[in-house]
Amino acid sequence: MKVCRLCGNNALSLHYKLDDEHTLYKCEACGFVQMPVPCKDQLDGLASEESVSQDVDRDTSIEDLKLSESIGFTGPMQRMNHILQTDSIRINRTIKKILEDNFDSANGLGFIDVGSGYGFHSFRLKNEFPELDVHLLEISGERIRTGIEAFKPDKNDFTWHHRILDDEFAIEYSEKFDICFSFHVLEHVYNMKGFIQNMVQITNKGGIIVIEVPNEDDELCQISDKYQKIVHIPAHVSCFTKDTLSKLIEESGVKDKVDISFIPIQRYGFFNYVDWVRHNQKSKVVSDDYVPRDNPSWIEKLWLQEKKKNFTTDSIAMILKKRKQ
């Protein structure tokens, strides 16, 4: 019998069939969309292999490949260079605001990137805030090695953890970090409640947790079946909305320890959206339209305003502030 991993209800209905081996189910009780598969959260295991394959085999448009090649990186990151760069700019801006709003200075603050991947976001953050004590935790040794080779950080500037965010790590680093950051990782995690519990445990009182994930309420999924097929991949075993993220905090038993807020995030641009609506075919989508323009048109502004208001953006960030008492 299939049981909801979020609320424990057994009223699961077919939501989306990826292929003959992978099917997403939706809980009729809490609305959580999930893939009931055996746990793959293992060091250098199948989950990390699938994530690396996702990067290497990324279906990138010709225009975006040109943009990525102009940045100069090679290897597995070549197809996603422009995305790494633009996400990092946004992430740095978010972390900077968190620092300004919650701390007197960044000096000596502990920062951990949980599921750091190739490490690029943390490398960029360290450049901007050299006084941060930056830790990177990643289950894929291949990603760690590839990121170091490609971006050539000063390895002495970072503390590396080729580990899983499990109970052992949480006990060892209990209340160690002032900012805990996790970027598009939770959707890959099978034991999501344990992940949240451990994130809260390693966060210092008064500290901040930032978790960004794809948004299952992305309205383009309702418009384009081909787009839906691309965003629903076997590696994504948990699919979240604003409501199910809130439910996750409640079911994880940490609701009384944190204050919660959400930020709607649209990573892919207006013209990417238009191409999907017009053609419903990846080969005819000219670009991710990922790099924001300085002077967006009125219709782009209106489109983004509506998506943010309704939380139908392609991604969503959950901000948890751990209470001091």
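Helices (H or I, at least four residues) and strands (E, at least two) are DSSP runs, numbered from the N terminus. This is a predicted model, in which local features need pLDDT of at least 70 and side-chain atom pairs count only at pLDDT 80 or more, while totals for chains, interfaces and linings use all residues. Residues are numbered from 1 along each chain as its sequence is written, and side-chain values use heavy atoms, with hydrogens and water left out.

**Stop 1: the whole chain**

Begin with everything displayed: the chain has 12 helices and 11 strands. Of its 325 residues, 52% count as buried, where buried means under 20% relative accessible area, exposed over 50% and partly exposed in between, with a 1.4 Å probe and protein chains only. Among the contacts in the chain with a separation of 6 or more, 71% are accounted for by residues 24 or more positions apart, a contact being heavy atoms within 4.5 Å.

**Stop 2**

Select aspartate 167, which lies in helix α6 (residues 167-172); with a relative accessible area of 52%, aspartate 167 is exposed.

Next, colour helix α7 (residues 192-202), which is mostly covered, as 8 of its 11 residues are buried. The buried residues of α7 are Met192, Gly194, Phe195, Ile196, Asn198, Met199, Val200 and Ile202.

Keep α7 on screen and bring in helix α10 (residues 242-251), since the two pack at an angle of about 70° with their axes 9 Å apart; axes are lines fitted to C-alpha atoms, for helices over the stretch in contact, and angles run from 0 to 180 degrees between N-to-C directions. The helices α7 and α10 are therefore roughly perpendicular to each other, on a scale where angles under 35 degrees count as roughly parallel, over 145 as roughly antiparallel, 65 to 115 as roughly perpendicular and the rest as oblique. To see the contact itself, show the side chains of Met192, Lys193 and Ile196 from α7 together with Leu248, Ile249 and Glu251 from α10. These contact residues divide into 4 nonpolar, no polar and 2 charged, given that Ala, Val, Leu, Ile, Met, Phe, Trp, Tyr, Cys and Pro count as nonpolar, Asp, Glu, Lys and Arg as charged, and the others, Gly among them, as polar.

**Stop 2: serine 116**

Move to the loop between β4 (110-114) and α4 (120-128), where serine 116 lies. At 9% relative accessibility, serine 116 counts as buried, and, leaving aside neighbours within four places in sequence, serine 116 is in contact with Leu136, Leu137 and Glu138.

**Stop 3: helices α11 and α12**

Select helix α11 (residues 270-279) and α12, whose axes come within 10 Å and cross at roughly 80°. That makes α11 roughly perpendicular to α12. Where they meet, Phe270, Phe271 and Tyr273 belong to α11, and Ile299, Glu300, Trp303 and Lys307 to α12. The residues of this contact divide into 5 nonpolar, no polar and 2 charged.

While α11 is in view, pick asparagine 272, which lies in this helix and counts as buried at 4% relative accessibility. Not counting residues up to four places away in sequence, asparagine 272 touches Val285, Ser287, Asp288 and Asp289.

**Stop 4**

On a 1 Å grid over the protein atoms alone, a cavity is a set of points where a 1.4 Å probe fits but cannot get out, and a pocket is an open set with protein on both sides within 12 Å along at least five of seven lines; lining residues have an atom within 4 Å of a point. Grid points are joined across faces, edges and corners, and a volume is the space filled by probe spheres set on the points.

**Stop 6**

Finish at the second largest pocket, which holds about 1,000 Å³ of space. To centre the view, select Arg90, Arg93, Ile265, Gln266 and Lys308, the closest to the pocket's centre of the 42 residues that line it. The elements that give two or more residues are α3 (81-102), β8 (203-214), β10 (258-265), α12 (298-310) and β11 (315-322), and α3 gives the most, with 13 residues. By residue class, the pocket lining divides into 20 nonpolar, 8 polar and 14 charged.
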